[in-house]
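Please walk me through this structure in the viewer, one selection after another. I would like to know what to select next and what is there.

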Amino acid sequence: MGTVCRYSVGGLSAITAATANSPVGALWNPHATKSITVVDATLGKTTGQTAVYAGRITTRGTPGSTITPDIDNDWQRLIAPISGALLDLAAYSVGPTLAGPDMWRFMASQNVAGNVEEVWLGDGVMIPAGTGLGFFITTAVATTVELSVVWDE
Amino acid sequence: MWNPHATMDLTVDEVHWFHTVGTVDNPGLVRTTTRGTQTLTVTPDIDNHDERLLAHITGAVLDLTYSAQPTIAGPYLQRINLPAAVASGFIWVFPLGIRIPAGTGLAIATPVAVVLQPADITFVWHE
């Protein structure tokens, strides 16, 4: 196994539509060939009394805002992410395309604004090139979140 | 956490943040490239070494309040939102550690226009 660089980035979403399965954010891997591996995600609810789930996405959609990680997001501060991974945030004008059932849910954040839940993913969830990991509300409650994602590449 | 050493890096393993007042805030972790002007500083010594063998060589310090802010570098590494409750808080754990190059720092700051509330703060690092 070669050297792995670990990155993290966090951002605050704008409020989602009050529509079930609206996206709050996503880590998108735009690289043509290179995969990345998500190892951790943290969700802090600021408004909205609904659970949030994570699932794979196959199109990026059109996010309301995007944070572009740079060398400062490298835990070793050695190199900007080669994948060009991006943190997209609500409100989306066009949602990403969810692929398959949700992978896990942030249930502790369901009912109380300000609750924080972190999920460590062990060996990680590989995100192939040209795909992403999206985060969506379960029920029709407009929601904002602080979303942070940690990944290796 | 500011690393004032001219050449030696340090690596942050954990950051703890727990409210002492019952007001919401949005703490985030971000790198800094200048120290700013701190008005309260904790200077660790040999008693902060977990085996009490040696004071830390970097001279790293914990700055707590400022009259001039540090310079923030790059997007935030982590962000959370905390509820309006005393003792609400969070522990960030970094299994591979976040390297803080010589002459730079790692700050807890508010990325949005919400006042960062008083809190008990702990940094764990190795060097």
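Two strands count as paired when DSSP finds at least two bridges between them. The model on screen is a predicted one.

Begin with V30(B). Its position lies opposite A107(B), a residue of β8(B). Now widen the selection to residues 28-34 and 104-109 of chain B, which are strands β3 and β8. Five bridges hold this pair, and the sense is antiparallel. Strands of a sheet pair through backbone hydrogen bonds, either parallel or antiparallel.

Next, show the whole sheet that contains this pair. Four strands of chain B make it up, in the order β1-β8-β3-β6, with antiparallel pairing, and the sheet is open. Select residues 2-3 and 71-79 of chain B to see its edges, β1 and β6. Each of these has a single partner strand, so one side of each lacks a neighbour in the sheet.

**Where the chains meet**

Show both chains and select the residues in contact between them. In chain B there are 26 such residues, and they are in contact with 26 residues of chain A. Which strands of chain B each supply at least two residues of the side that touches chain A? They are β3, β6 and β7 (89-100). The largest share comes from β6(B), with seven residues. Colour this side of chain B by class and you will find 16 nonpolar, seven polar and three charged residues.

**Chain A as a whole**

Chain A has 10 strands and zero helices. Its pattern along the sequence reads β-β-β-β-β-β-β-β-β-β. The radius of gyration of chain A is 14 Å, close to the 15 Å that the globule rule gives for 153 residues, so chain A is as compact as a globular protein of that length. Along the principal axes, its C-alpha atoms fill a box of roughly 45 × 25 × 25 Å.

Of the 153 residues in chain A, 50% count as buried. Consider the contacts in chain A between residues at least 6 apart in sequence: 90% of them join residues at least 24 apart.

One place to look is A54(A), whose bridge partner in β7(A) is W104(A).

S35(A) is in the loop between β2 (23-29) and β3 (36-47) of chain A. Is S35(A) buried or partly exposed? With 15 other C-beta atoms within 10 Å, S35(A) is partly exposed. Beyond its neighbours within four places in sequence, S35(A) is in contact with M126(A), I127(A), P128(A) and A129(A).

**The core**

Now bring chain B back and select the largest nonpolar core, which has 54 residues. Those with the most contacts inside this core are L27(A), V38(A), V52(A), V149(A), W151(A) and V12(B). Centre the view on W151(A). Not counting residues up to four places away in sequence, W151(A) touches Y7(A), L27(A), I36(A), T37(A), V38(A), V39(A) and A85(A).

**Backbone details**

The last stops concern backbone angles. Most residues other than glycine have a negative phi, and most peptide bonds are trans.

- Select A90(A) and A91(A): a cis peptide bond joins them, with omega about 10°. A91(A) is in the loop between β6 (86-89) and β7 of chain A.
- Select R77(A), a residue other than glycine with a positive phi near 50°. This arginine is in the loop between β5 (65-67) and β6 of chain A. R77(A) counts as buried because it has 20 C-beta neighbours inside 10 Å.
- Select R52(B), which also is not a glycine and has a positive phi of about 45°. R52(B) is in the loop between β4 (37-42) and β5 (62-68) of chain B. R52(B) counts as exposed, with 10 C-beta neighbours inside 10 Å.

Definitions and conventions:
Residues are numbered from 1 along each chain as its sequence is written. Chains are lettered from A and ligands numbered from 1 in the order in which they are written. This is a predicted model: local features need pLDDT of at least 70, side-chain atom pairs count only at pLDDT 80 or more; totals for chains, interfaces and linings use all residues. Two residues are in contact if their C-beta atoms, placed from the backbone, lie within 7 Å. Ala, Val, Leu, Ile, Met, Phe, Trp, Tyr, Cys and Pro count as nonpolar, Asp, Glu, Lys and Arg as charged, and the others, Gly among them, as polar. The radius of gyration is taken over C-alpha atoms; the globule rule is 2.2 Å times the number of residues to the power 0.38. A residue is buried if 20 or more other C-beta atoms lie within 10 Å of its own, exposed if 12 or fewer, and partly exposed in between; C-beta atoms are placed from the backbone. A nonpolar core is a set of buried Ala, Val, Leu, Ile, Met, Phe, Trp, Tyr and Cys residues joined through C-beta atoms within 7 Å.
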